[in-house]
Structures are given as C-alpha cells and as structure tokens.
Amino acid sequence: ASPRRSTPSPTDVDGGTQGLTPAQLEKLARLRSDFLYYAPRMLRVKVKNPLAPSQVAPFILNRAQSYIHDALEAQKKRIGMVRAIILKGRQMGCSTYIEGRFFHQVSMNKGRRAFILTHEQDATDTIFAMAQRFYDYLPDGFKLPLAEASAKALEFEGRESGYAVATAGGKAVGRSKDAHIFHGSEVAFWPRGLDHMMGVGQIIPDLPGTEKILESTANGFDPLFYPKWQEAERGESDYIAIFTPWFWDDGYRRPVPKGFEFSPDDLEYGRMHGLEPDQLYWRRRKIVDDLGKDDKRFDQEY
C-alpha cells in the first residue's frame, strides 16, 4: 500500500481523495473555501524593504486588505456575486489582495478564469510577477502543472483554469477573453477607459460566483472611474463603494522632530481623522518633499 500523504493536494478536489484521512479532507476543503485560511499557508508576497527586494513572507492581510475582504465576502453572501469599486490610498496592498484572491480561486478550482487589465505596461509586469511568485512558492503538492506559462498568462493543465493580464492601450482590450473574475487596476488612469470598459465589462456574465472588481487611486474627474464611484456611493449601481484611507497603513508614520509645530490646518486635519502626531508629520513631509507643497495633490494620491 502507498504511504499516506501528510498534506492534501488540490488534485484531490477533482475526485482523487482516496487515502486521505478525515483531518486531511477537512483541511483540503477549508483551503479551497476559506481565503483567510489559505493565504498565509500557501501564498508568499514581497516584503516592503528596498534593502531586501527579493525577501518574501507569508501573506497575512493588513487592515485595508481585511476591510476589503470583509466587504466583498458580505456582498457575495448577500447576492452571490462580487461587484465592487475601490478607492484607495497608494501602496496599501489592494492589488496584492485581489491577485491573491483570484489566484486562490483559479488554482483551487476547475473551470475558473481570471482576467486583469492594468493602466500601463509596468503595472502589468508587476501584477503578473506577483502571480508568478504565488505559483513559484506553492508547496510541491499544490503546484499543478502548467499548460502555458508566458509573460502574460498562466494556464493550469487539464483544468480549464487560468490567469491572464493585459494593458489598457490605444484600442479596446479583452473582448475575446473568457473570464469569470475580473480586476480592473488603476481604472481612473486607463486611456480610453470607456471603450475598455465596454469591452471587458461584457465578458463577465451576471452569474453566481462571478466577480468584477475595479480599483484606483483618484485622478480628478476622469470619465470612467469618477462617475462609477459616485453612482456606487449613491447606491445607483450593482457596485459597492469601498474606501481605504492612507492612515490605515502603519508604514505611513515619521517621528516628530523636537520643536516642530503643526499648522492650524494640519491640526484640524488630524482631529478630523483621529490621527496621531507621527502620522500627521508623515503627511506634512510627504506634501512638502514630494508633492509640491500642495495638500490637494496629497488628497488625490492618498
């Protein structure tokens, strides 16, 4: 008799569960259904450390990611689908959360396809590198063979499941795609955004289990993201509006130098949002050092 495996494999989900103990079957079912259980055990993400750019760590959700997850899961439970638009501060892990969520679905299920559309080529490369990293660091028993591995796609062999990314360019993209879950990244910065949305917006059917997630930092009164956000906030569309403010990220802090005095406007901003002095000082340095001393630019970026 073959020895029993200590770790179940996703191939067992397809019917090959012979020889697994009840505890292993329970673990496999939970890995498949519970992203919060799956992420720290299966996924690795880059650590925010410029001195160690290749350092990775288990994917443990931060405050903003947890907030997004709870909102999406509540909607999914309520209507059976996800339709969400996310307004975010910079570098808070929103895209990382969505890519992890999608990778979980396509790698642990048959017949599941994800399509991601970004605003520029560098972002496309970054997001696909994230998915490739997820795959590369999977435990051996979960690393399904790939039928295709290119600079823009991962296709799992014999499962009709895959993950593809593309860049919004001068012409509409995605009309010929077949997908069940869609992520629009930095939608406010898509060139010809309305044309792209007309194309990719039609490939996701209004069926249980499908997901459309649009996210972006602000970009003024752009013709696509801004009105869609306003509609969602007013409850006039299928999309829920999710906002993640910059001060939820503990990395956005700097010690206040001795003798530094905040302006009345700074103090009012801090009172309005319940900020601590090191958060308020980080904001002031960001505005002065990087954003041309323009508070409105900070509001747009963060």
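Me: Before anything else, what does contact mean here?
Reply: Contact means that heavy atoms lie within 4.5 Å. The structure is a predicted model.

Me: Is Phe35 buried or exposed?
Reply: Phe35 has a relative accessible area of 6%. Buried means under 20%, so Phe35 is buried.

Me: How many residues apart in sequence are Phe35 and Gln105, and what is the distance in space?
Reply: They are 70 residues apart in sequence, and their C-alpha atoms are 8.8 Å apart in space.

Me: What about helix α4, which residues does it cover?
Reply: Helix α4 runs over residues 94–108, which makes 15 residues. At 1.5 Å a residue it should span 21 Å, and its end C-alpha atoms are 21 Å apart, so the two agree.

Me: How many residues of α4 are buried?
Reply: In α4, 14 of the 15 residues are buried, so the helix is largely enclosed by the rest of the structure.

Me: Zooming out. How many helices and strands does the protein chain have?
Reply: The protein chain has 10 helices and 10 strands.

Me: What radius of gyration would a compact globule with 302 residues have?
Reply: It would be near 19 Å. The protein chain has 21 Å, which agrees with that expectation. Along the principal axes, the C-alpha atoms fill a box of roughly 75 × 45 × 35 Å.

Me: What share of the residues is buried?
Reply: Buried residues make up 48% of the 302 in the protein chain. The chain exposes about 15300 Å², and carbon and sulfur atoms supply 51% of that area.

Me: And the contacts between residues at least 6 apart in sequence, what share joins residues at least 24 apart?
Reply: For the protein chain that share is 67%.

Me: Now charges. How many positive and negative side chains are there?
Reply: There are 42 positive and 41 negative side chains, and the centres of the two sets lie 3 Å apart.

Me: Next, Ala232. Where is it found?
Reply: Ala232 is in helix α7, residues 225–233. With a relative accessible area of 8%, Ala232 is buried.

Me: What does Ala232 touch, not counting residues up to four places away in sequence?
Reply: Ala232 touches Ile85, Ser237, Tyr239, Ile240 and Ala241. Arg83 is 149 residues from Ala232 along the chain, with 10.0 Å between their C-alpha atoms.

Me: Last topic, the loop between β8 and α6. Where does Glu186 lie, and what is its phi?
Reply: Glu186 lies in that loop, between β8 (181–185) and α6 (193–200). Glu186 has a positive phi of about 50° although it is not a glycine.

Me: What about the phi of Arg192?
Reply: Arg192 is found in the loop between β8 and α6. Its phi is positive, about 55°, and Arg192 is not a glycine.

Notes:
Residues are numbered from 1 along each chain as its sequence is written. This is a predicted model: local features need pLDDT of at least 70, side-chain atom pairs count only at pLDDT 80 or more; totals for chains, interfaces and linings use all residues. Side-chain values use heavy atoms; hydrogens and water are left out. Helices (H or I, at least four residues) and strands (E, at least two) are DSSP runs, numbered from the N terminus. The radius of gyration is taken over C-alpha atoms; the globule rule is 2.2 Å times the number of residues to the power 0.38. Buried means under 20% relative accessible area, exposed over 50%, partly exposed in between (1.4 Å probe, protein chains only). Accessible areas come from the Shrake-Rupley method with a 1.4 Å probe; for residues, only the protein chains shown count as cover. Lys and Arg count as positive and Asp and Glu as negative; His and the chain ends are not counted. The place of a charge is taken as NZ of Lys, CZ of Arg, CG of Asp or CD of Glu. The expected span of a helix is 1.5 Å times one less than its number of residues.
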